[in-house]
Amino acid sequence: MLAGRTELTGLFVEKPKSVVAITGIKTMNAALRFFFFFDTGKDVTFVVKVDSTNLTRKPTMKWLKGKWMDLGSKAGKHIQLKESYDRNTKIYTYEMKIVKVVQGDAGGYRCEVSAKDKCDSCTFEITVEADILSAFKRADAGEDEGELDFSALLKAKPEPELEIDVWELLKSAHPSEYEKIAFQYGITDLRGMLKRLKKMKVVEPKVSEAFLRRLESAYSVNKGKKIVLSVEVTDPNAEAKWLKNGQEIKPSAKYIMESNGNIRTLTINKCSLADDAAYECVVGTDKCFTEVFVKEPPVTITKLLDDYQVVVGERVEFEIEVSEEGAHVIWMFEDQELSRDDKNSKYRFKKDGKRHCLIIQEATIEDSGMYFVYTNGGQSKGELIVEEKELEVLQSIADLTVKSAEQAMFKCEVSDEKVTGKWFKDGVEVKASDRIKISHVGRIHRLTIDDVKPGDAGDYTFVPDGYALSLSAKLNFLEIKIDYVPRQDPPKIHLDVAGNMVSQNTIIVVAGNKLRLDVEITGEPAPTVCWMKGDKVLTDAEGRVRVENRKDLSCFVIEGAEREDEGNYTITVTNPAGEDKANLFIKIVDVPDPPENVKCTGVGEDCATIIWEPPKFDGGAPLKGYLMERKKKGSSRWTKLNFDVYENTTYEAKRMIEGILYEMRVFAVNGIGISAPSLNSKPFMPIAPTSEPTKLIVDDVTDTTCSLKWLAPEKIGAGGLDGYIIEFCKEGETEWHPANTDLVDRQSYTVRNLPTGEKMNFRVVAVNVAGRSPPALLEQPVTVREIMGEETTRFRKKKKKKNCFFTGKPRPVATWLKDGQPVDEKKVGIRNSNVDSILFIRSAEREHSGKYTLILKIENMEDSANIDIRIVDKPGPPTQVHVTDVWGFNAALEWKPPKDDGNCEITGYTIQKADKKTQEWFTVYEHNRRTNCTVSDLVIGNEYMFRVYSEILCGLSEDPCMSKNTAIVAKTGLEHKQASYKEKDMNCAPKFTAPLVDRSVTIGYSMAISCAVRGWPKPKIIWMKNKMIIGDDPKFLMQNNQGVLTLNIRKPSTFDSGKYSCKAVNDLGEDVVECKLEIKGNLQVH
């Protein structure tokens, strides 16, 4: 039955729905759920569809049960997995079919799909519940006819076969029988079984009186979505409180609490990571708990980093785009994380929506390297190459030969139009004047000298500012000399082209430069001049190639030399007296043509091999080598691969990213310069073969066949895995023969038609688009013969579990011994199969230590293997800790090793001290390997106690050993001298420090008068009214508190008015203070 369509989220186009299987007689409340119902014993199919339109590679699908059980390893007759691909819609369809659903299939399931930096998951459930209608049958045979007949419920029925509760059986069984029961009832998740059994034993199920339906154990929700927690209570009038992490939740726009009949719900809107917590619902004294897990969608990188190549001082800005705004990204340079908190950092970080940038204002050589950026769902990297500033000379200055009063112009061209420079003549800077002009237009620098004079001849040099570079040329001044010769003087050609001559009569000119060849001619009468290129006479006086004739001088000029100008030239001068001829060869040199046929011949995981053909024309100068550049396809940034000229036509490019398309181009270099770039190579992708297959073993051997099994390679890479090739060869030979012509997809294969009795070697090779992987080779040759063979044993050790693989025919009988005696199966679990034997120790104790022996027997043949198992526990405390000596601020301790070493070597001791007054312990030494130590920095005058712990690999001993005696750091050479004290005479006559104050009060209201006195010995106090001593009249209360004297008068009348005085008397004298008291009557109004 196909699951219905769900809301489109993430990569899924269609997700599976939960289903309910109906069986037995139980109370069923699932009818209200939005599930699909079907009967147990029938098949169910779950369908998942994934859209691969935006994916760069095939997605990977996993079907899981519970938290971690991979159903791919359980595929078979009961669970069948299938996948298909529609090329038109680019949708992958994945199906999981469960044949004849049973009670054991109930539970939570999850499917996960991932493709490079994208992933998504969804959950669904299979619930097996009861159908109460199955107990009732129609009276008639028809399904929809007849009346309901309930009499069948009253009739005696044969006792049905009781269903065995595996968990009740496990709770009452001994731990050594767990493995046997698990395999008997088909439980494969052993770890999950033990965890659940532990919880069942510790927590007794409690019958809820307040809840009819409790919260699920856990809920999952995507970030930004809402979730509804619902319970059903027994009392419709009961109030429910909701708590989050133990704190009561108050109603708000985010948390909405509703009560509808017996249903209580809590709705959490727009879930954030702060809502990932533990929740509980409290009704009266009963509670139910759950956990909410908020899933944050992974942030992927939609625009990857580009590689940069800059010069020192330039600005660099790495930029990426991510799938979510406000995402957190981490930038790293090589292995160092770049922090935003460092104010002195050269790096600046910019965030604009989905766009994130890393900026380096002025790049340095130290900034060269790989830069990485990470999100929680992807990563990217880019390379930065920083070069020193280099200036290329596109056209150098040439030597000039000029006559008097003519113009001389030196011109050069450099690569950077911003570069300035200076001109020098014979080491002295040339200054501009009316006759000398210096110009700089773009990349061209000119020095023009008008009306050349003999003093202008010399060496001229152009020096760019900021670069260790200079361009030099020579200015030759042609001085015209007039010689008086006879009338009949034969013509003569005087060549002076030493600056351009590389060999006799050969002149080299750089393409694009100007050639001006001035030839002095003598003869009387004036000779006739004729210039020829080959058989062609050159007569043009204007144009790019021209001849300028003057008196006694013939000039041959080529403006902007081209390759076609190269050839043999002849100058012939004639007059009646004779003829003279000179031959010249003008050679035009240029940058070479671009290399041709650039292509990739091989790739690796992070490298590629590039070849090309030399340029057809080398520019007339020998090639020095080549420069290479690469870029990612779709990017416009080229990255240099070499800075020194590379001489060969084959190059291996490295430091590339697997799975990324690249393009290459090549430049040719000669003595003149660098050629134009070649055409881009076809895009290529660095990929590598997989690693070798793992765990190759022999599954079965007959007289003519050998069955092999193996596991997939640990590393597959971007090239994927196409299949496997199985090869074999006889022992002693080196030639391997393939056993299969087509690639094998599965991880097992039977090699057939093998020679009986021969020893054969086997190996398996994984194949993908990058080629063959390293082979996985069997450790020993296999004898092709179905006879009883001596078995071999191999061990693989795991924690608390020993797994031993063996081979042999017929099946060997495995027996375990401990220290030569059969193992006690009540303490140790053993499971034997056709190919291995597993020894389980569920709860390791010290008594399980010993030498275990596995014995395999086939009739009269036997093989064995030994395992030494040592169970380690915490050690006992050391013994006889005592203080051996005390000196200065130090104390020496000694002790003996513990009697119980925990079945392991003692690795050290921890020593602690405590002042006997405070009883607070402080650690002095940790990991002390000796059985003695010296404790320093003790405080003089204090008494100290000590204690020592033993230490092994698994920790410290439970209890320490206290020292038998204490260390008293005695005071030496100190004596306290008390300062002399002179007692002060405190005797004085009485004196009032605060007088009595006149008062006026209302009749009937109690009042008090106060003053203060000092004196020693303590004075006697006498209160008087109108000079008469006040006696023991109860109306007056007299108090003396530390020299503060108070007279309280209770409800005074008009008769209490008068003059009150207080006298203080002692042996040294007396003192008196007085005040007036006025008692006012009440004013009555009639």
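**Surface, strands and burial**

Mentor: Start with the surface. The chain exposes about 64,600 Å², and carbon and sulfur atoms supply 49% of that area. Accessible areas come from the Shrake-Rupley method with a 1.4 Å probe, and for residues only the protein chains shown count as cover. This is a predicted model, where local features need pLDDT of at least 70, side-chain atom pairs count only at pLDDT 80 or more, and totals for chains, interfaces and linings use all residues. Residues are numbered from 1 along each chain as its sequence is written, and side-chain values use heavy atoms, with hydrogens and water left out.

Trainee: How many helices and strands does the secondary structure of the chain come to?

Mentor: Three helices and 90 strands. Both are DSSP runs, numbered from the N terminus: helices are H or I with at least four residues, strands are E with at least two.

Trainee: Why is Arg 546 called buried?

Mentor: Buried means under 20% relative accessible area, exposed means over 50%, and partly exposed lies in between (1.4 Å probe, protein chains only). Arg 546 has 15% relative accessibility, so it counts as buried. Its place is in strand β46, residues 545–550. Of the 1086 residues of the chain, 38% count as buried.

Trainee: What makes Lys 100 count as exposed?

Mentor: Its relative accessibility is 53%, so Lys 100 counts as exposed. Lys 100 lies in the loop between β8 and β9. Its phi is near 55°, a positive value in a residue other than glycine.

Trainee: And why does Gln 1042 count as exposed?

Mentor: Gln 1042 stands at 78% relative accessibility, so it counts as exposed. Its loop runs between β87 (1036–1041) and β88 (1044–1049). Phi of Gln 1042 is also positive, near 55°.

**Contacts and cores**

Trainee: Which side chains make a polar contact with the side chain of Arg 546?

Mentor: A polar contact is a pair of N or O atoms within 3.5 Å; within protein, one must be able to donate a hydrogen and the other to accept it, and residues adjacent in sequence count only if both atoms are side-chain atoms. The side chain of Glu 548 makes one at 2.9 Å. The side chain of Glu 559 makes another at 3.4 Å.

Trainee: Which residues is Arg 546 in contact with, leaving aside neighbours within four places in sequence?

Mentor: Contact means heavy atoms within 4.5 Å. Arg 546 is in contact with Asp 540, Ala 541, Cys 555, Phe 556, Val 557 and Glu 559, with those neighbours left aside.

Trainee: Why is Cys 555 called buried?

Mentor: Its relative accessible area is 0%, so Cys 555 is buried. Cys 706 is buried too, because its relative accessible area is 0%.

Trainee: Which residues touch the most other members of the largest nonpolar core?

Mentor: A nonpolar core is a set of buried Ala, Val, Leu, Ile, Met, Phe, Trp, Tyr and Cys residues joined through side-chain atoms within 4.5 Å. The largest has 25 residues, and Phe 46, Met 61, Trp 63 and Met 96 touch the most other members. At least two residues of this core come from each of β4 (44–51), β5 (60–65), β8 (91–98), β9 (107–115) and β10 (118–129).
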